[in-house]
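Here's a quick briefing on the model you're about to see. Have the viewer open and follow along, topic by topic.

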Amino acid sequence: MTDSPTNLDSLRQRIDELDNEILRLISARADCAKQVAEVKTKHDPSAVFYRPEREAQVLRRIMELNPGPLNSEEMARLFREIMSACLALEQPTKVAYLGPEGTFTQQAALKHFGESAVSMPMAAIDEVFREVEAGAVNYGVVPVENSTEGVVSHTLDSFMDSSIRICGEVVLRIHHHLLVADTTLRDKVSRVYSHPQSLAQCRKWLDAHYPRAERVPVSSNAEAARMIKSEWHSAAIAGDMAAKLYGLEKVAEKIEDRPDNSTRFLIIGSQHVPMSGEDKTSIVVAMRNQPGALHDLLEPFHRHSIDLTRLETRPSRTGVWNYVFFIDFKGHVDEPRVAAVLEEVRLRASEVKVLGSYPVGVL
Ligand SMILES: O=C(O)C(=O)C[C@]1(C(=O)O)C=C[C@@H](O)C=C1
């Protein structure tokens, strides 16, 4: 095919026709979502509009049906935005996240809820919990574990004295860059700012490239990016969002020591999420301080062939919580085999709290 004007014109005409069709279909879909909202409120004035299990099913189905040439993730991201706009028509969704603006948690909130949700930065993880508990926002987004650095203990601890539930999860590939401002003297960098976890995730790269630079831990990567604007001898380690927000340049890209570096975030709220077909459950269990306690706790999972995906121990904070275990496993509390395991665990533990069942992250 030649790039002749007639070819180009006819292809663009075809694209216009297709756009008309897409426009008509998206509008029809949005109309449908409005009607869904009416059905939901008709039977229940305090209805919840955001349905994580349905969203997961829609995205999984699209990925399965996708004929190409766009790859399935790309296609799902487009549908993610369509659903985000449809949900906003039903009800504007407010989401609090661990800020400031430009953090990976903001990126995770965007990835999960799309551009149409209203997202608000909070200064600390417990503030995100408080905002959700107080009903000031519909949902919250907090980091819970990183593949290189492990658990975010603050998030786990916040669940211990809260009635908040987990409604979803989102996993983000974390790419760190070494960033400078236009005023930075690149060959005189003597200080590198970042969040302690990010400094740790880039330890080897820093040892090799900036062995003499002072590593200064700050409260977030976005804060690091903000700080170097006024220091000609400093660089920051942060991600794309912070680089864009503060107009910084990348001296080196993807400097994380492990190429598969990723962080898992939790969506917190107050609703029970029905089964989506591929779900996970998170519980917190207190055991009495006695030999074999951990074995007793895990044995029923093994016997019922339930896959554990994570196990964390945290120090107890009250008399009852002698040993506290955070356990994630595959399955949903509404499945009989999961209900049976939980029944057995309840007999062996001094306290069991189900934090929530939710769809396995799709994107
Ligand atoms: O199916 C619903 O309950 C809807 O509200 C529709 C819809 C969608 O656009 O597909 C929108 C928001 C919900 O979170 C889930 C799905």
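By class, the lining of the largest pocket comes out as 16 nonpolar, one polar and eight charged residues; here Ala, Val, Leu, Ile, Met, Phe, Trp, Tyr, Cys and Pro count as nonpolar, Asp, Glu, Lys and Arg as charged, and the others, Gly among them, as polar. Keep in mind that this is a predicted model, where local features need pLDDT of at least 70 and side-chain atom pairs count only at pLDDT 80 or more, while totals for chains, interfaces and linings use all residues. Residues are numbered from 1 along each chain as its sequence is written, and side-chain values use heavy atoms, with hydrogens and water left out.

**Pockets**

- The largest pocket has a volume of about 700 Å³ (a pocket is an open set of points on a 1 Å grid over the protein atoms alone, where a 1.4 Å probe fits, with protein on both sides within 12 Å along at least five of seven lines; grid points are joined across faces, edges and corners, and a volume is the space filled by probe spheres set on the points).
- Its lining runs to 25 residues, and Arg-29, Val-58, Phe-79, Ile-82 and Met-83 lie nearest the centre (lining residues have an atom within 4 Å of a point).
- Helix H1 (5–43), H2 and helix H3 (72–90) each give at least two residues to that lining (helices, H or I with at least four residues, and strands, E with at least two, are DSSP runs numbered from the N terminus).
- The second largest pocket holds about 550 Å³ of space, and its 29 lining residues divide into 13 nonpolar, 14 polar and two charged.
- Nearest the centre of the second largest pocket are Leu-98, Thr-105, Pro-143, His-195 and Ser-219.
- Elements supplying at least two residues each to the lining of the second largest pocket include H4, helix H5 (125–134), strand E3 (139–146) and strand E11 (262–269).

**Cavities**

- There are three cavities of 30 Å³ or more (a cavity is a set of grid points where the 1.4 Å probe fits but cannot get out).
- The largest cavity has a volume of about 200 Å³.
- Of the 17 residues lining the largest cavity, Leu-59, Arg-80, His-112, Glu-169 and Val-362 lie nearest its centre.
- Helix H2 (52–65), helix H4 (104–113) and strand E5 (165–173) are the elements that give two or more residues to this lining.
- The lining of the largest cavity splits into 10 nonpolar, three polar and four charged residues.

**Annotated region**

- An unreviewed UniProt entry places "domain: Prephenate dehydratase" at residues 94–270 (positions are in the numbering used here, feature names are shortened, and annotations may be inferred rather than shown by experiment).
- Over residues 94–270 the chain is 31% helix and 33% strand, with the end C-alpha atoms 14 Å apart.

**Sheets**

- Five strands make an open, mixed sheet in the order E8-E7-E9-E6-E10 (two strands pair if DSSP finds at least two bridges between them).
- Strand E8 (214–217) and strand E10 (249–252) sit at the edges with a single partner strand each, so one side of each has no neighbour in the sheet.
- Strand E6 (residues 177–180) pairs with E10 in the antiparallel sense over three bridges, and Leu-179 stands opposite Lys-250 in E10.
- Another open sheet has four strands, ordered E13-E14-E12-E15, with antiparallel pairing.
- Its edge strands are strand E13 (308–315) and strand E15 (351–359), each pairing on one side only.
- Strand E12 (residues 279–287) and E15 pair in the antiparallel sense over eight bridges, with Ser-282 opposite Gly-356 in E15.

**Aromatic pairs**

- The whole structure contains six aromatic pairs (rings of Phe, Tyr and Trp, the last by its six-membered ring, pair if their centres lie within 6.5 Å; planes under 30 degrees apart count as stacked, over 60 as edge-to-face and the rest as tilted).
- Tyr-50 and Tyr-139 have ring centres 4.9 Å apart and planes at 70°, so this pair is edge-to-face.
- Tyr-50 is in the loop between H1 and H2 and Tyr-139 in strand E3, so the pair ties together parts 89 residues apart in sequence.

- The Gly-68 to Pro-69 peptide bond is cis, with omega near 5°, and Pro-69 is in the loop between H2 and H3.
- The Gly-99 to Pro-100 bond is cis too, with omega near 0°; Pro-100 is in the loop between strand E1 (94–98) and H4.
- Lys-254, not a glycine, has a positive phi of about 50° and is found in the loop between E10 and E11.
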